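Trainee: I would like to learn how to read strands, charged pairs and surface patches in a model. Could we go through them one at a time?
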Amino acid sequence: MGKQPYKRKLIEVALPLEDINREAAREKSIRHGHPSTLHLWWARRPLAAARAVLFAQLVDDPSAHPDQFPTSEAQQVERERLFDIIRELVKWENSNDERVLAKARAEIWKSCDGNPPPILDPFAGGGTIPLEAQRLGLEAHASDLNPVAVLINKALIEIPPKWAGMPPVFPGAAESKLGGWPGATGLAEDVRRYGQWMRDEAEKRIGHLYPKAKLPDGSEATVIAWIWARTVKCPNPACGIMMPLVRSWWLGKKKGKEAYVVPSVVNGRVEFSIGHDVRQAPTKLSDGTVGDNRAFCIGCDTVVPLVYIRTEGKEGRLAEQLMALAVEGNRRRTYLAPTDEHLIAATVPRPADVPDTELPEQALGFRVQGYGMTRHVDLFTNRQLTTLVYIRDLVQEVRSQVLQTILATGRLAGSRLADGGTDSVAYADTVALYLAIAFSRTCGSMTRLNMWNPAPSKEGIGGLFKLQTISMSWDFAEANPFYVGPAEIGTSASWVSKVLAFLPSRSAGVAVQRDAKAREYQGLAVSTDPPYYSNVGYASLSDFYYVWLRQALGDIAGTLMQTLLVPKADELVADPARHGGAKAADDFFEDGFRAVFSAARRQANSEVPLTVYYAYKQSEQSNEGEVSTGWQTLLEGMIDAGWTVTGTWPVRSERSGRVRDVGSNALASSVVLVLRPRPKDAEVVDRRTFIGALEEELPGALRELQHKNIAPVDLAQAAIGPGMKVFSRYARVSEPSGATMRVHTALILINEVLAEVLSEQEGDFDPVTRWCVKWFEGYGFDEGTSGDAETLARALNISLGGLERARVARARAGKACLVAPNELDPRYDPERDDRPTVWEGALHLSRTLEEQGVQAAGALMLRLEKRVNVDAVRELSYLLFGAARNRWPQTALRFNSLVTSWSDIMSAKSVPTNGDATDGQRAFDFEDLD
């Protein structure tokens, strides 16, 4: 192959993947200060993963410096040192730890000869990658076609460094803290205080629209939400009531504090009361009145098809009826029946100057148009529109107030704000911009599509975008914008403030609106998370926020928000409604994808690899095997654009191995691909040469992945890396017919070789384990005939009686089966086992881990490794996962968990204090198995 034309980077050789995935999963529980809470964006990548990938993308692997690390042992020692830096770097609490960040930056600067390249994400979206580039001290570039995404990125990386060290201008705020205002904390304080001012000012003006509720004891309490049901006239002429459309009657499910709506029909009209006694609850309490394809009338039990409800909705005949009030109580929610006072308060005219723009007739992720909601204003009640208009206008009032404060106080001590100068105007614009973002956050909790969640751990209003859709909801919760929560502008401003205070705000960042297909890539290193076919319709969904942001920002947005709606024609997404069918939509996406990566291939920095995040779950069956259409198209486009794959890494932000994922074709949250430009003199080979190279290189690469404890559920995806590394390094692989082999075929061949390699690993197993594997592949832990069991045993030179004495199998009445995990003897001690097996080791370890945890599994591992090859135990776990994943997903989960916990188990090994078997353990006196 000749001399390597580039220095290999760490990401092309190895990563501490377990540590990265653990922190990425943990990060999902972090809320306060997390950049994702600045403003919603769909399908964000974890910060921990992005930080680790960027570091490993820029830092040299030790093998790139044989003069310093001449042996594989020396290289591995150095690699572990770099891994330790990553392990510290990915922890949330170290996000702004200068000691940890300085060590990471020093390694980057050393590997880049003191001049690291600027980092670009051309599909910047929610801004994770540019933000983490900036945190690492790199010059961060973000671009996106979507103006909402660009605004988010400006708010994260471009604007905060401009005001680093500035004290707040809100009257009295600068003096409230000693020791200065590092980073963007001064700006954050202004956003928080002016946001609270907006909340209080809005309540003065429109607080009467949200009256308090009178409790049974005569006292008053703040209403959290008004809970409404949509209604439609029952089509039964003998009934004709306005029948409520409700998905569930539950209001609260906390044990001992349950509450639910009780509907009744009185004089041809539905009335609602509140029930608490679960024993007297309606039999269809959870079902409500609407199912997947039909509804029923509570007055006459008539079944009503949804097509009737859609028709009534399109004709404007869907109405709404107040069902209940959720009220603030003493450490609990209180629920009250509706009153005339609250019905009257909610009855207000629609205000003028609202975003009366059209929803798309059809678009990815939209479900409401079929019920008559065709414009953005239709997503809100008139009371909500009135409130949002007032808060929107307060953004500009704050802008004026900030400027007036600066002028009144003159040049502020320690600040750059001159009297009436451009910096003063820019700062006023900045505060208004962040408050507009806070206002936009509020909009997502102030619609007539937000649902009330009765779950004990929630019991509150859910967000609009629980999924990447705008979906119909039958009952909905209208939030009180003056109750502390996501619908209150003061709360939203506080969330934004916390993010601002947490941002690195150090090196400059640039965020611009650009089409990724047409922009420049010259000299930039690229790390990106591109769109995935038709998974998310970003432009149409973000219109929801855009129409309000555009009005709130006014001329602050400059040219960013000149169009009436988000630009859609050039958005790189496969939307059949936009492109006249699925085939045309796919062609548009694939052509655009190739154009992006062709431009990057021609212009991007050649010293470092390109990294691409990808997640795609759609797969298809063919007579050649299972392939992922997402992978196929992605890789085809990149290879055609002149890239070769040098690595793939499954990065998870969920706990790997959920049962529903194990039994399906769900992939890791993201797979990170590592790409290098393919040399122009790359050779052309035939199919046989390609397969030979696969068979030669894949076994070692696979064993290396297993030693890194790649989750079995991710192994097939991770193996694509070394497989595609072989395929993509050739200019062309020719088929016997003379045609060029496509990625589709290459992926199938890679999967076949992977299956062969896993099968060959059975050679590391003892005869008993090999029998157990063969039986498991056919029957799992179910029964088969004793004759078949005996025949299989004889082929391996053992006997069925020997298997029974080994306590791995049971035979009786002409039937045989494996001993299931829950039937294992809990007193098992491998040190006293005359003939321990790899099979026993895997089953006992997995059971101990599941029932007793890592420490107990570690203690068992210590004894087990003295008697069997524990690496073979791990290999067996991979094999059993593959055999079980489609037929017995719960069993597959057991072995997936064993591998993903392997490092923790090894770290937890401990010796019993008396050096002997622990209490309850019993020695087995096994007879010969043959």
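Trainee: Which residue stands opposite lysine 233 in strand 6?

Mentor: The general idea is that strands of a sheet pair through backbone hydrogen bonds, either parallel or antiparallel. This is a predicted model. Here, lysine 233 stands opposite methionine 242 in strand 6.

Trainee: Which other strands are joined to strand 5 by bridges, and how do they run?

Mentor: Strand 12, residues 319-328, is joined to strand 5 by 8 bridges and runs antiparallel to it. Across this pairing, arginine 230 stands opposite glutamate 320. Strand 16, residues 475-479, is also antiparallel to strand 5, with 5 bridges between them. There, isoleucine 227 has alanine 477 as its bridge partner.

Trainee: What is the strand order in the open sheet of 3 strands?

Mentor: The order is 26-28-27, and the pairing is antiparallel. Strand 26 (784-785) and strand 27 (809-812) are the edge strands, since each pairs on one side only. Strand 27 is joined to strand 28, residues 815-818, by 4 antiparallel bridges. One detail to look for in strand 28 is cysteine 817, the bridge partner of arginine 810.

Trainee: Now the charged pairs. How many salt bridges does the structure hold?

Mentor: Side chains of opposite charge can pair when their charged atoms come close. This structure holds 61 salt bridges. One of them joins glutamate 132 to arginine 135, with the closest N and O atoms 3.0 Å apart.

Trainee: Where do glutamate 132 and arginine 135 lie?

Mentor: Both are in helix 5 (residues 128-135), 3 residues apart, which is about one turn of the helix. Glutamate 132 counts as buried because its relative accessibility is 0%. Arginine 135 also has 0% relative accessibility, so it counts as buried.

Trainee: Are arginine 192 and glutamate 189 buried or partly exposed?

Mentor: The cut-off for buried is under 20% relative accessible area. Arginine 192 is at 35%, so it counts as partly exposed. Glutamate 189 has a relative accessible area of 13% and is therefore buried. Their side chains meet in a salt bridge of 2.7 Å, N to O. Both lie in helix 7 (residues 185-206), 3 residues apart, about one turn of the helix.

Trainee: What distance is given for the salt bridge between glutamate 571 and arginine 578?

Mentor: The side chains of glutamate 571 and arginine 578 meet at 2.7 Å, N to O. Glutamate 571 is buried because its relative accessible area is 10%. Arginine 578, with 24%, is partly exposed.

Trainee: Which residues are linked in a network of salt bridges?

Mentor: Asp19, Arg22, Glu80, Asp84, Arg87 and Asp904 are linked in this way.

Trainee: Last, the surface. Which residues form a negative surface patch?

Mentor: Glu695, Glu752, Glu756 and Glu760 form the patch. Helix 20 (residues 743-760) supplies the largest share of the negative patch, 3 residues. Glutamate 752 is found in helix 20.

Trainee: Why is glutamate 752 called partly exposed?

Mentor: Partly exposed is the range between buried, under 20%, and exposed, over 50%. Glutamate 752 has a relative accessible area of 39%, so it is partly exposed.

How values were computed. Residues numbered from 1 in each chain as written. Predicted model: local features only at pLDDT ≥ 70, side-chain atom pairs only at ≥ 80, totals over all residues. Heavy atoms only, no water. Pairing = 2+ DSSP bridges. Helix = DSSP H or I, 4+ residues; strand = E, 2+ residues; numbered from the N terminus. Patch = residues over 30% accessible without salt bridge, like charges linked within 9 Å, V, L, I, M, F, W, Y side chains within 5 Å. Areas by Shrake-Rupley, 256 points an atom, 1.4 Å probe, with all protein chains shown as cover. Salt bridge = Lys/Arg side-chain N within 4 Å of Asp/Glu carboxyl O. Lys, Arg positive; Asp, Glu negative; His and termini not counted. Charge placed at Lys NZ, Arg CZ, Asp CG, Glu CD. Buried < 20%, exposed > 50% of the residue type's maximum accessible area, 1.4 Å probe, protein only.
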